[in-house]
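Let's take a walk through this structure together.

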Amino acid sequence: MVAARDRMTLTLLLLLSLSPAPTSLVASQQQPPTPTTPPTSTTPTPTSEPAASSASEAVAFERKPYAIRCWLKIDPAARVDARRRGEWIAAWRSLARRTVGAPWKLEVQPDEGPLAGVKRIEELALETLAQPALGADQAWLLQVSPNNDSSILQLSARNYDVDTGRLGPVVSRRAAYAADMPREWMSLGLEVFQPSARVVESGAGGVTLSVQAAALAPASPLGQVVKVGSVFRPSRIFQKPDGSTLQVAEIRWTYLVVESLNGPLARCQIVSSYSDPLSRRVARRSRLVAQGVKPVESPTRLRFLAANDRSPLAGYSLEAQRLDGGSPFPLGLTDREGGIVVPVRFSEGLVRLRLLAGEIESLAEFPVMPGETADQRTLLVDPKPLAVEMLTKLEALDDELLDLIARRSRYEAILKARIEADKWDEVEPWLKAVQDLPGKAVYQGRVKQLRDEATRRQAESKAVVMTRAVLAKLQDLDSMVERYLDDEAIKAYATDLAARKATTNKKAPTPVAPNPGSATAS
Amino acid sequence: MATRDFPVQAWKLMSLAASLLALLSAAVAAQLKPASGPAPAAQPGAGSLGLAPELSLLRSTPFDRITLVDGSVLRVEPLTPRPLPPYDPEKDAARRKAAAIQSKSKIKTQPPPSGNIGTLGQRKTIERPESDAEELPGETISIHLLEGDLQDFLLKRIGIRSIEYFEDLLLAEANRLIRRGDFTAAFDYLLRCQARDPKWKGLAETYDRLLFEEGVSLLSGTQSERGLRLLRDLSSKRPSYPGLAEELARAYGRRIDALFLAKNYSAGRRLLFELEKLSPNNSGAKIAREQFAARAKEVAEAAEKSEDPGEGLDSWRESLRIWPLLEGGRARHDAAFSKAPTLDVGVTDEPGSRGLLGATAAAERISALVMSPILAGLDEAATTGQNPEQLAAGLETTQLGRSLTLTLREHRPWSDGSRSVLAIDVAWTLAEQARPESPLFRARWAQLLDRIEIKEERQIEIRLRRQSMKPEVWLQGPALPAQGTPWGAVRQADGSLRPIGDGPYRLVGQQKGLSVYKAEDAAAGGSRPRIARVLERLFTSDAEALAALTRGDVALIDHVPLSRLEEARAIPGVRVGAYERPVLHRIALDGRNPALRLRTLRRGLSLAIDRKALLEEIVLKGPSTAESLVSDGPFPRGNYADAPDVKPLEYDPLLARMLVSAARKELGEQPIRLKFEYPRDAMVKAVAPRLIEAWTNAGVVIEASERPAGELEDELASGRRFDLAYRATASDDPVFAAGPLICPGYDASPAIDPLGAIASPRILQLLLMLEAAADPPTANPLLLRIDRESRDELPILPLWQTRAYRAWRDHLTGPAETARHLYERITSWEIRPWLPPETE
């Protein structure tokens, strides 16, 4: 696992220097700007808004409650009449007041709104939401339907963020009893709710977020809008000259993790695949915003394609590691289409995923929030075929070397025992057996040959061959050869034997061929 | 005191007085008396002789027993010569008198040459013969007592009442034991007697008696066959042994009856003929003969009445099996055979749970009988529609191989006669193969197929998502009826589901290891097979099948044991042919087991196997050949995918132990337990214990599980989890077969993560790259890389490759010397009327 971590770090460093692909998890603001920018920020626009806008505006934002507009659709098959519906809504609003309080300003619409005519909430179209949600900060869409196999009611909800125009994943719960419905709606609301924030400052390896309604005191700790550990996903909103939104671009594979709170301001660590995800070098007028994101109980679908020809990267292994460290754990292999479906709840929070070729060469590393989106997300990755091939060769040589070292150690132990027991008659055959094994020079030559081959192929193909993993492996092999194939002791034994022969002037008995199989017995 | 007066050295004092002899005898007899006290339990051979248990005749030093005239008994060392020459005291006395007279006369007439007058002070030179000391030859014997005073003595035969020789004692004890029914012990005594003197008088008679008594005794028990054999042995030696003929007749009669009732006619008949030879006018033999003939006649009458030619032939065969001497039976059998030529086949495996859709050799074999492939191969004859055994009349490839237009032949009806095979059947089959829930699912095809369009009644267009190397390979399977289940079964009018086919034969019966296939009518396929019926008989091993071929019970067998190949070739009237494709033997590993994911463990398991020794000692029972040799990778040796520079896999049990130990440490010092599944095959069953022993010695805890071959292979192909599995399958073109060669569930539904079973991610990547390869220049280097890297990655443990053989009798013509499967081009085969030698 240590080796894997090392490999990962090496890969990171190499990617920083060589590749435009996702590279770094924790981007530092002190790093020099690199050509690497998030794929969505391709259109140059004037720089984003100043880090600190006017103080009054910021305060207004932090003290502004979330205007949440809710539409509710209850399936007729659930057999809930209007009276019961009204009771549930009233009870729910009451609960929201008592648990969240000021930060939420719930507005439940009497009609089904965008849900009208939609059979399943998953089928909701984004374009149907913008107009009805106008004037609100968030739109919540709730659906109540009977469960197929029992009398339990199924609740589903989605969040639509008006500012970024993003529709969140489906969150579901079950209500075993009708009386529990307001309580379940409350829980669902807390899950669906996504706080909004603005980036007010960036630097010193992190960013500061101004979180909407963070200055408002919640009715209970449950209603706290932002906490240490909360995760935000940044987006860049390109604006028209009049300040209206031109385009919203998600900054992919980038998350902001709250490290500390200072009143309504949250200091965040940047976790990204890019070296400078929140770059200020944007041509058009824009502002940076962030939206809260939570793990959702739905599978995470990923697909990996080769960056050069878009061919699926099939048979590659994906592993995950918690942000706070810990051992990486395998998630599975990519299928024939290069896709992988990571099961529900594989992690309780943000994790970093790593795509490995042959479980030896790290190809890509990126953060992911489990179940963040129901859609399949595609990553373009350099498969580094030459580096992987070279690593495979090095692994084979490593195995061969280990076998040799094991055999050599066995023979040497026997040899030493014979010498200590003063059985010089038996020393010679064993000495010959050790000397017959390939020596240090042979393996030094082979390692050098592979190193030269890697260098040559890298130069010829202009593709990465000498990755950090390859370099580390070559170094390992060098060390092993140097350390374990040392012939000094053998030479000393041979000298002793020759001297003894000369002094005793006796004819040595016919050497007996050593039998490695009987080595342990003897 | 008296015994000391008779040392042997005092040869000259040979005039033993009778009284002194009596005294001596009395003294010795007193010493031989058994000790007082309760007698210990008698041992065989001891009790009856009054010997102490430790003196059991089988274990004791040989001795003879002499009874003197006074009744005393002496145990002495065996006398010589044996037996002593006969002795008559009266004749002896007369002879002695004549000898004495002759002796005296000689003394008188022959004075010494130096004179007979002596001088003073000199010793007499004349020695007078002492006539009393002289003995006639045979009058005395020298004995050595074995008890009491262990000295040698001379004993006058006149004082001996009787001598019991050791051999006689052995025979007496053997007889006693025979009477008691302890035949095994009696045989031991006879053996000892034979070892001392094979020609001892009475030995042969006692042995005969033993054979007779034991034979008769066994006849009434469960070992009647052995009893009969003993009596037959006796009969061959002494046919006139009293009572033997009657006993044999009785015994044979009982056996013949039992065999007749058990329908083991050949054995019963053999006994009958034997009995007739032993006892020519035996009435029981006559009755049995009539019984056989009557039964044969009865069956023959049924054969005559039978309307079905096949049944008629079976009846005729049965009739001749009962009684080959049936008058006119042979000719009528041949006539019946010509109406329904029948091929008896001995097979050793059967399809698994996936039936004909499985990937087993049995499925492929039977599929060739009952189904027609859409394409019968990848050669030009197949792709241009010239091969008459396939459904396709033509195949057109367009859009750089991304579109295939397939036209079907006309008049290829389903075996239920409902309709012909149409485009809808082919389209449905190919679509089912792309549906993950279907038992026909093939992952690679599913990934390749874009859509299928039925153009006409007999034409479909198949569109592929991408270019693929030889996409026709996916059309080599059969088409299934669109109205049926994915298993090819169609609901009949009576509500039952019955499989239907479009091949040259259809299955008409299956029970107790016998499957009957009947040729379809001429109108169906256009060319009716010349062999009307195929009867597949299942044997438990290839050795049994070979024995059946040798006996003539079957005319074709699917496998010849490799170790008996030359023996099979030497059988008169038998021909041996090879299969085209070599069989690759390997151990499949499931990478979904975290332990097997460890390369260290895989290497340890590989290093523990002494491949060469196993192949040569168990499989071939001889040296490796160019066709049967140790493997170094997943592909056959000499194949274009076989990298030439791959070093052979080593055998190093000590290093294996070290690697397994390292793997154990990596797994947290827990014992590594693996389940090893292997097919129920005679050769594999012999190899498996050695593999288990090797891995156990390396430090892995192995749980062995023997499974029917077809079932195991089908289960593995469905993608189910396993640990270690022995696989022996024929090798196809590596471009298409590399994946399934390495991973049994390579084409299984992705729902069960079959690709995770490939223990080496690197090899998996290469396999998937190979899958995407569109041309040979891309694919071939990948194959070589897979072969080369498999040696170190060890996604499987290669064992060896062998060439498989089949054999057939001469009266079957048509099988090629080399074939892809057993029934290749069976429609052109012919078979002549023929009966097993036993019915000749």
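Start with R603(B) and D399(A), whose side chains meet in a salt bridge at 3.8 Å, N to O. Here a salt bridge is a side-chain nitrogen of Lys or Arg within 4 Å of a carboxyl oxygen of Asp or Glu. D399(A) also pairs up with R599(B), again through side chains, at 2.5 Å, N to O. D399(A) sits in helix 5 of chain A and R599(B) in helix 20 of chain B, so this pair joins two chains. Helices (H or I, at least four residues) and strands (E, at least two) are DSSP runs, numbered from the N terminus.

A quick word on what you're looking at: this is a predicted model, where local features need pLDDT of at least 70 and side-chain atom pairs count only at pLDDT 80 or more, while totals for chains, interfaces and linings use all residues. Residues are numbered from 1 along each chain as its sequence is written, chains are lettered from A and ligands numbered from 1 in the order in which they are written, and side-chain values use heavy atoms, with hydrogens and water left out.

Now zoom out to the whole interface. Between chain B and chain A the count is nine salt bridges; over all chains it comes to 96. On the chain B side, 28 residues are in contact with 23 residues of chain A, contact meaning heavy atoms within 4.5 Å. Together the two chains bury about 2,300 Å², 49% of it on carbon and sulfur atoms. That buried area is the accessible area (1.4 Å probe) that two parts lose on being put together, summed over both.

Back to helix 5 of chain A, which has a partner within its own chain. Helix 5 (residues 385–420) and helix 7 (residues 440–461) of chain A pack at an angle of about 180°, with their axes 11 Å apart. Axes are lines fitted to C-alpha atoms, for helices over the stretch in contact, and angles run from 0 to 180 degrees between N-to-C directions. The two helices are therefore roughly antiparallel to each other, a label for angles over 145 degrees. Among the residues that meet are L394(A) and L397(A) from helix 5, and V447(A) and L450(A) from helix 7.

One last stop is S230(A), in the loop between strand 8 (206–211) and strand 9 (231–239) of chain A. Leaving out residues up to four places away in sequence, S230(A) touches L256(A), V257(A) and V258(A).

Notes: Parallel < 35°, antiparallel > 145°, perpendicular 65-115°, else oblique.
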